[in-house]
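I opened a new notebook page for this structure.

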Amino acid sequence: HIFSHELAEMHNVTAVQVRRDIMFIGYTSQSRKGYDIKDLAKAIGKIIDTKEIMNLTVVGYGNLGKALCAYLLNRRPMLKLVAAFDIDPKKIGSTATGIQCYSIERLREIISTHDISIAILTVPASAAQDMAKILVASGIKGILNFTATNINVPNEIYLEELNIITSVEKVAYFIKHKKKE
């Protein structure tokens with residue numbers, strides 16, 4: 001169990017707003033004891049999760065790509081990691097993370113045969129834009145960009161960009177700022 005005020009403190013919002021938001025999705029607390037986290041996660045999952053399984057891939061099977069494969073494998077029942085891709089012949093054929101790594105040359109074929117709609121991009125920054133174009137041309141509908149560069153995709157493609165360096169710098173800034181208070 002977690003109390004709404006504890007949840008609120010984690011995200012710098014008021015407990016009242018958290019209760020309102022949770023009530024909005026149709027979930028109510030157990031009187032004044034707070035929320036059962038497992039039940040709340042299921043309620044949120046019903047809203048967020050897709051009705052059908054969506055297949056995803058990791059493109060770039062280096063250290064970050066392998067770590068993401070290991071982390072994502074069987075993590076969410078409606079998001080299924082089904083393949084990884086790389087250009088390095090030493091990595092192709094590997095199943096070290098429980099996912100088959102294919103040659104980038106087979107990208108279009110594997111995306112099509114496995115009905116993959118989401119790609120997680122972990123290639124070097126210099127290859128990110130070209131790879132994004134190839135992914136879009138291969139039928140990918142959404143890209144999570146983990147590279148250190150912004151990419152451009154057509155408007156119909158959903159793009160989420162996560163720059164780890166920027167995020168760490170943001171945390172460092174706020175820690176530094178908090179010390180001065």
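My entries follow, by topic.

I am working from a predicted model. I looked for disulfides and the count is 0. Cys69 is in none; the nearest cysteine sulfur belongs to Cys101, 7.9 Å away. Cys69 counts as buried because its relative accessibility is 0%. Cys101 also has 0% relative accessibility, so I noted Cys101 as buried.

**Main core.** Which residues touch the most other members of the largest nonpolar core? I found Val59, Phe85, Leu121, Leu135 and Ile143, in a core of 22 residues. Next I listed the elements that give two or more residues to this core: strand 2 (79-86), helix 5 (107-113), strand 4 (116-121) and helix 6 (125-137). Helix 6 gives the largest share, 4 residues.

**Second core.** I logged a separate core of 11 residues. Its members include Tyr61, Leu81, Ala84 and Cys69.

**Ile165.** Is Ile165 buried or exposed? Ile165 counts as exposed, because its relative accessibility is 55% and the cut-off is over 50%. I placed Ile165 in helix 7 (residues 164-180). The C-alpha atoms of Ile165 and Ala148 are 7.8 Å apart, with the two residues 17 apart along the chain.

Notes. Residues numbered from 1 in each chain as written. Predicted model: local features only at pLDDT ≥ 70, side-chain atom pairs only at ≥ 80, totals over all residues. Heavy atoms only, no water. Disulfide = S-S within 2.5 Å. Buried < 20%, exposed > 50% of the residue type's maximum accessible area, 1.4 Å probe, protein only. Core = buried A, V, L, I, M, F, W, Y, C linked by side-chain atoms within 4.5 Å.
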